[in-house]
Amino acid sequence: MDIAAPSDPPFASPPRACGDCTLCCKVYTIPVLDKPEGQWCPHCTPGRGCGIYASRPDYCRAFHCEWLAAPRFPDHWKPTRSKMVVTRFPGNGFLYVQVDPGHPRAWSRQPYRGDLARWARQLLPRGAHVLVFVHDEATLIIGYQAIPLGRMSTEDSFRVRMRPTADGVKYVAERVPGPPKPPA
Ligand code: SF4
Ligand code: SF4
């Protein structure tokens, strides 16, 4: 799958169903519910669903992870199996991977690590990146390089530079003020 290809067109209803998955109800902050990231929402029965489904906040209603929304997204990325929830940020094309804190190394296992490396290589020419989060600790993925960026929010940004070495090109990243810029 080419992650740099245009997203699938908007859908009337998602092409997949959440089924037994409820992972987004754990990994994200839900501001309208005062729910911190990394903890189950009090309305969620894990593996079963939302106890207030009909009246759930618009914030929840509007959320679709990439596995749910993109029919070409690989089956093995179902969040119950991968232990990760992937979203694509429309503003900058970045891929955000939010890892279940109960499985903090899930992103480094195969086949996921290989997928992340390939997607990072596909996005790089467009100035977009793959970022893995465990809680708010961010790791930038560039091919098989994994560069820790520390604690980050959507208000934080970083700059990537290439550095030639005897073993080929390496990438270095440094934090800079301001939110990530959209690709040029
Ligand atoms: S993480 Fe994706 S598949 Fe799982 S419940 Fe949320 S939207 Fe549905
Ligand atoms: S309100 Fe429902 S859909 Fe929203 S986080 Fe809680 S359990 Fe999930």
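**Briefing: ligand shells, domains and strands of a predicted model**

The model is predicted. By the domain assignment, the chain consists of domain 1 (17-63) and domain 2 (64-176). An open sheet is made of five strands, and a hairpin is formed by β8 and β9.

**Surroundings of the ligands**

- Around ligand 1 stand Cys18, Cys21, Thr22, Leu23, Cys24, Phe63, His64, Cys65, Trp67, Leu68, Pro79 and Val85.
- Ten nonpolar and two polar residues make up the shell around ligand 1, with no charged residue.
- Both domains supply the shell around ligand 1: at least three of its residues come from each of domain 1 (17-63) and domain 2 (64-176).

**Histidine 43**

- Between histidine 43 and tyrosine 53, ten residues apart in sequence, the C-alpha to C-alpha distance is 8.9 Å.

**Relation of the two domains**

- A distance of 23 Å separates the C-alpha centres of domain 1 and domain 2.
- Eleven residues from domain 1 and eleven residues from domain 2 take part in the contact.
- On the side of domain 1 that touches domain 2, seven residues are nonpolar, one is polar and three are charged.

**The five-stranded sheet**

- The open sheet has the strand order β3-β4-β5-β6-β7, with mixed pairing.
- Its edges are β3 (84-88) and β7 (145-151); each has a single partner strand, so one side of each lacks a neighbour in the sheet.
- From one strand to the next, the twist averages 25 degrees.
- Five bridges connect β3 with strand β4 (residues 95-99) in the antiparallel sense.
- Opposite methionine 84 stands valine 99 in β4, and opposite threonine 87 stands tyrosine 96 in β4.
- β3 and β4 make a hairpin with six residues between them, and glycine 93 in the turn adopts a positive phi of about 75 degrees.
- Val85, one of the residues around ligand 1, falls within the edge strand β3 (84-88).

**The β8-β9 hairpin**

- Two residues lie between β8 and β9 in their hairpin.
- β8 is joined to strand β9 (residues 168-176) by nine bridges, and the two run antiparallel.
- Phenylalanine 158 has arginine 175 in β9 as its bridge partner.
- Strand β8 (residues 157-165) lies largely in the open, because the number buried among its nine residues is zero.

Note on methods
Residues are numbered from 1 along each chain as its sequence is written. Chains are lettered from A and ligands numbered from 1 in the order in which they are written. This is a predicted model: local features need pLDDT of at least 70, side-chain atom pairs count only at pLDDT 80 or more; totals for chains, interfaces and linings use all residues. A residue is buried if 20 or more other C-beta atoms lie within 10 Å of its own, exposed if 12 or fewer, and partly exposed in between; C-beta atoms are placed from the backbone. Helices (H or I, at least four residues) and strands (E, at least two) are DSSP runs, numbered from the N terminus. Two strands pair if DSSP finds at least two bridges between them. Axes are lines fitted to C-alpha atoms, for helices over the stretch in contact, and angles run from 0 to 180 degrees between N-to-C directions. A residue is near a molecule or strand if its C-beta atom, placed from the backbone, lies within 6 Å of it. Ala, Val, Leu, Ile, Met, Phe, Trp, Tyr, Cys and Pro count as nonpolar, Asp, Glu, Lys and Arg as charged, and the others, Gly among them, as polar. Domain bounds come from an automatic or database domain assignment. Two residues are in contact if their C-beta atoms, placed from the backbone, lie within 7 Å.
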